[in-house]
Amino acid sequence: MTTASGDGTDKAFYVTTPIYYVNDAPHIGHAYTTVAGDVLTRWHRQRGEKVHFLTGTDEHGQKILQAADAHGMTPQEWCDHMVSTAWLPMLTSIDAANDDFIRTTQPRHTERVQEFWQRLYDQGEVYSGSYTGPYCIACEEFKVPGELIQPGDLCPIHTRPVEMLSETNYFFRLSYYADRLLEAYRSGEIRVEPESARNEVLRFVETGLNDISMSRSTFDWGIGVPWDPAHVIYVWIDALLNYWTAVEGSAEYWPADVHLVGKDILRFHAVIWPAMLMAAGLPLPKLVFANGWLLVGGEKMSKTKLTGIPPQRITDHFGSDAYRYYFLRELQFGQDGSFSWESMAARYQSELGDQLGNLASRLTSMVGRYRDGVLPDAVIDEGIAAAMVTARDDAEAAIDRLDFQSALAAVMTFVRIVNGYVTEREPWKVAKDDSRASELDAILYTTADALRAMAVLLNPVMPKACAKLWQQLGAPGELADARVQKVADEHLPAGSNVVKGDLLFPRLADEGTEA
Ligand code: ME8
């Protein structure tokens with residue numbers, strides 16, 4: 001059953017990722033933001049909320065045009081090729097459960113973008129003017145001269161030379177919205193997180209805003225400016241609208257609850273986008289959350305620097321569950337953090353294999369051996385029941401802060417506590433003494449019920465392993481219908497058929513875990 005989202009209305013909890021450029025194939029940096037969005041989405045679904053998760057691709061602009069040219073294709077052919085061979089398969093390899101996938105070349109987007117800008121033009125929000133400044137094609141953005149890296153006038157994000165671009169085109173009067181933006185940040189109408197991102201945005205807007213050019217006339221791969229066919233709409237101004245066009249601006253979804261973005265595109269989302277919405281008289285997204293850089297060997301992963309690792313290289317070896325777990329457990333969401341094959345392998349073995357997987361296999365074999373696979377009737381140990389409540393409460397609170405690392409730490413602490421409980425109670429010794437049968441029943445029941453709770457709490461992160469665990473425990477009903485809020489109130493029924501199935505996280509050969 002689907003109920004309303006947490007705010008008591010029928011509006012869905014609406015989560016978005018950036019729409020990614022299709023000039024190249026995805027790497028683990030893109031998958032990082034998408035995994036975070038997916039876990040947030042699945043967590044809210046596990047609460048029984050109505051959720052809408054959007055991701056997609058950004059297909060216009062010079063960068064895409066250049067990539068298509070370099071491959072001898074038309075831009076549309078190139079986009080179609082990249083979406084079907086690289087971007088959609090990426091979602092499958094990380095097991096993303098998005099509700100929609102928007103492409104900015106789809107008519108549902110292009111038509112609404114044109115309507116949106118025609119309206120703003122008619123209202124006098126747009127004027128014709130000219131601008132000259134340093135432009136980075138990789139960012140598709142004019143740079144402020146002071147932020148360029150010297151010597152050589154390099155883009156601070158891509159460390160490659162910018163071009164001087166001089167254009168006569170249309171401008172959106174962004175400057176007019178500076179005060180209203182500051183007011184919206186201060187009142188909490190739009191939240192920008194983490195704190196470092198909020199401070200950056202405040203500092204940026206407090207110094208005053210320049211109007212921004214919203215059209216291009218030197219190339220034609222874009223959405224036509226409706227009142228002037230010689231221009232196309234600037235790719236960013238087109239792309240940002242995807243969050244709104246994808247849901248047709250419907251009040252069932254809009255405003256978005258969370259825009260997840262990388263910190264490279266924070267200003268677009270926390271400054272330009274809300275100003276566009278203000279100009280159109282539309283409600284602002286509630287939260288823009290900027291994740292940090294994913295670093296590899298100390299460097300930001302990047303397509304342009306050719307340091308990108310395709311997600312599939314990791315999921316092929318470790319599986320999608322471990323992939324999803326690792327990136328959210330290892331890195332503090334909102335801060336920079338490093339990926340390495342060694343730390344991935346270490347977490348897989350120690351936390352998933354030796355802790356969670358081992359606990360499940362110990363329990364299922366013991367119920368098989370000592371109770372013929374039938375879960376005995378008993379009451380859950382009080383200490384474990386209390387630890388279960390703590391794990392749930394801590395994880396719930398952490399998810400509401402988008403602190404995935406602490407949420408997972410809370411659940412894994414519970415896993416360690418239960419492992420410790422089993423080791424301390426020594427059920428293998430208790431089983432040798434028939435007069436202690438009810439004590440053995442209590443240990444088996446407590447452990448099985450704790451594993452049930454782990455399946456519910458970890459399902460948003462590791463859906464495949466949790467489905468297996470649910471089935472091995474003989475838990476009733478669908479895992480998807482087990483509510484995270486009730487995880488400590490509902491219990492496994494006595495008599496459940498417990499089966500020892502495959503190991504949840506089998507030991508892996510070293511092959512493929514190159515440094
Ligand atoms: O900017 N670490 O698309 P893009 C963490 N089309 N996150 C990373 C990352 C890294 N090393 N590399 C990429 C665009 N990301 C625009 C967005 S939205 C209306 C338009 C993630 O293909 C992060 O979310 O360059 C970053 O913001 C995004 O990918 C950039 O993807």
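Colleague: How much space lies in the second largest pocket?
Modeller: This is a predicted model. Of the 22 residues that line the second largest pocket, Phe142, Val144, Phe204, Asn210 and Ile212 are the closest to its centre. The space in this pocket is about 490 Å³.

Colleague: Which element gives the most to the lining of the second largest pocket?
Modeller: Strand S5 (141-142), strand S8 (212-213) and helix H9 (266-280) each supply at least two lining residues. With 4 residues, the top contributor is H9.

Colleague: Now the ligand. Which element supplies the largest share of the shell around the ligand?
Modeller: Helix H1 (28-46), helix H7 (235-239), helix H8 (242-245) and strand S12 (258-262) are among the elements that each supply at least two shell residues. The largest share is 4 residues, and it comes from S1.

Colleague: Which side chain has a polar atom 2.7 Å from an oxygen atom of the ligand?
Modeller: A polar side-chain atom of His30 lies 3.4 Å from a ligand oxygen. For Asn291, the distance is 3.4 Å, to a ligand nitrogen. The side chain at 2.7 Å from an oxygen is that of Thr33.

Colleague: What percentage of the ligand's accessible area does the protein cover?
Modeller: On its own, the ligand has 680 Å² of accessible area.

Notes:
Residues are numbered from 1 along each chain as its sequence is written. This is a predicted model: local features need pLDDT of at least 70, side-chain atom pairs count only at pLDDT 80 or more; totals for chains, interfaces and linings use all residues. Side-chain values use heavy atoms; hydrogens and water are left out. A polar contact is a pair of N or O atoms within 3.5 Å; within protein, one must be able to donate a hydrogen and the other to accept it, and residues adjacent in sequence count only if both atoms are side-chain atoms. Accessible areas come from the Shrake-Rupley method with a 1.4 Å probe; for residues, only the protein chains shown count as cover. On a 1 Å grid over the protein atoms alone, a cavity is a set of points where a 1.4 Å probe fits but cannot get out, and a pocket is an open set with protein on both sides within 12 Å along at least five of seven lines; lining residues have an atom within 4 Å of a point. Grid points are joined across faces, edges and corners, and a volume is the space filled by probe spheres set on the points.
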